[in-house]
Amino acid sequence: MTSLWGGVALGASAAGLMIPNIASAAISTSDHVITVGNGGAFASLHEAATAAALLNPTNSNWVLICMMLGNYDLSLESTELALPDFTELTGMSRHGCIVLGNGNKNIRVNAHNRISNCTIRYTGAGDRSGAIRQQDIVDLAMKGFLDIDGVDFDVYATELSAVWVQNMASCDIRNSFIQTSGIGLEVLDGAVFI
């Protein structure tokens, strides 16, 4: 069953302003904080995600990847950015932390992730639609969720989407803005709460 709750414009030239909510719980409950970028412990998001996986995050022990101010260009990497399960990717400033992606270089989430406090600019063509989308291993049996809070999306690709939700029990989007020349959200097997 697919459902969409709340009000948002979807489709060409769509923009939707979501209702704000409290800051992510992972920030206050995480025992592990990894910094990335200028002044951080790691230079790239890929290195930080690898380090996060080595910490073996769990539902009761999330890993927080905190982006320092700057731009993070995923197209410079050889693979998509794959976030480990029970990991949150957050920026220090919504307008000061910019993640750049293109059709085949995007953010791939696992079954349980949070993304907050940044801007995602997604352009170009490719066969992997979605600035944020699930990894291929995610299925409905995992009862996964994706929590997006305080993220601005600028999508400049008519056939690609800002967020692709597939095989997730739920995707919560709060305090976010989606600006696109194409598709805002693509939903297949799951629920999106806006």
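Biologist: How far is the sulfur of Cys118 from the closest cysteine sulfur, and in which residue is that sulfur?

Modeller: The model is predicted. A disulfide needs two cysteine sulfur atoms within 2.5 Å. The closest cysteine sulfur is too far from that of Cys118 for a bond: it lies 7.2 Å away, in Cys97.

Biologist: Is Cys118 buried or exposed?

Modeller: Buried means under 20% relative accessible area. Cys118 has a relative accessibility of 0%, so the residue counts as buried.

Biologist: Which cysteine sulfur is nearest to that of Cys66?

Modeller: The structure holds zero disulfides. Cys66 is accordingly in no disulfide, and the nearest cysteine sulfur is 7.2 Å away, in Cys97.

Biologist: What is the relative accessible area of Cys66?

Modeller: The cut-off for buried is under 20%. Cys66 is buried, with a value of 16%.

Biologist: How many aromatic pairs are there?

Modeller: Two rings pair if their centres lie within 6.5 Å. By this rule the count is two.

Biologist: What is the geometry of the pair formed by Trp62 and Phe86?

Modeller: A pair of aromatic rings is described by the distance of the centres and the angle of the planes. For Trp62 and Phe86 the centres are 5.8 Å apart and the planes make 80°. Planes over 60 degrees apart count as edge-to-face. The pair is therefore edge-to-face.

Biologist: How many residues apart are Trp62 and Phe86?

Modeller: Trp62 is in the loop between helix 2 (45–54) and strand 4 (63–67). Phe86 is in the loop between strand 6 (81–82) and strand 7 (87–91). The pair links distant parts of the chain, with a separation of 24 residues.

Biologist: Are Trp62 and Phe86 buried or exposed?

Modeller: The relative accessible area of Trp62 is 3%, and this residue is buried. Phe86 has 13% and is also buried.

Biologist: Is the pair of Trp62 and Phe145 stacked, edge-to-face or tilted?

Modeller: The ring centres of Trp62 and Phe145 are 6.2 Å apart. Their planes stand at 35°, so the pair is tilted.

Biologist: Where is Phe145?

Modeller: Phe145 is partly exposed, with a relative accessible area of 23%. Its pair with Trp62 links distant parts of the chain, 83 residues apart. Trp62 is in the loop between helix 2 and strand 4, and Phe145 is in strand 12 (residues 145–156).

Biologist: Which residue has its charged end over the ring of Trp62?

Modeller: Trp62 forms one aromatic cluster with Phe86 and Phe145. A charged end sits over the ring of Trp62, 4.0 Å from its centre, and belongs to Arg114.

Methods: Residues numbered from 1 in each chain as written. Predicted model: local features only at pLDDT ≥ 70, side-chain atom pairs only at ≥ 80, totals over all residues. Heavy atoms only, no water. Phe/Tyr/Trp six-rings, centres within 6.5 Å; stacked < 30°, edge-to-face > 60°. Helix = DSSP H or I, 4+ residues; strand = E, 2+ residues; numbered from the N terminus. Buried < 20%, exposed > 50% of the residue type's maximum accessible area, 1.4 Å probe, protein only. Lys NZ or Arg CZ within 6 Å of the ring centre and 35° of its normal.
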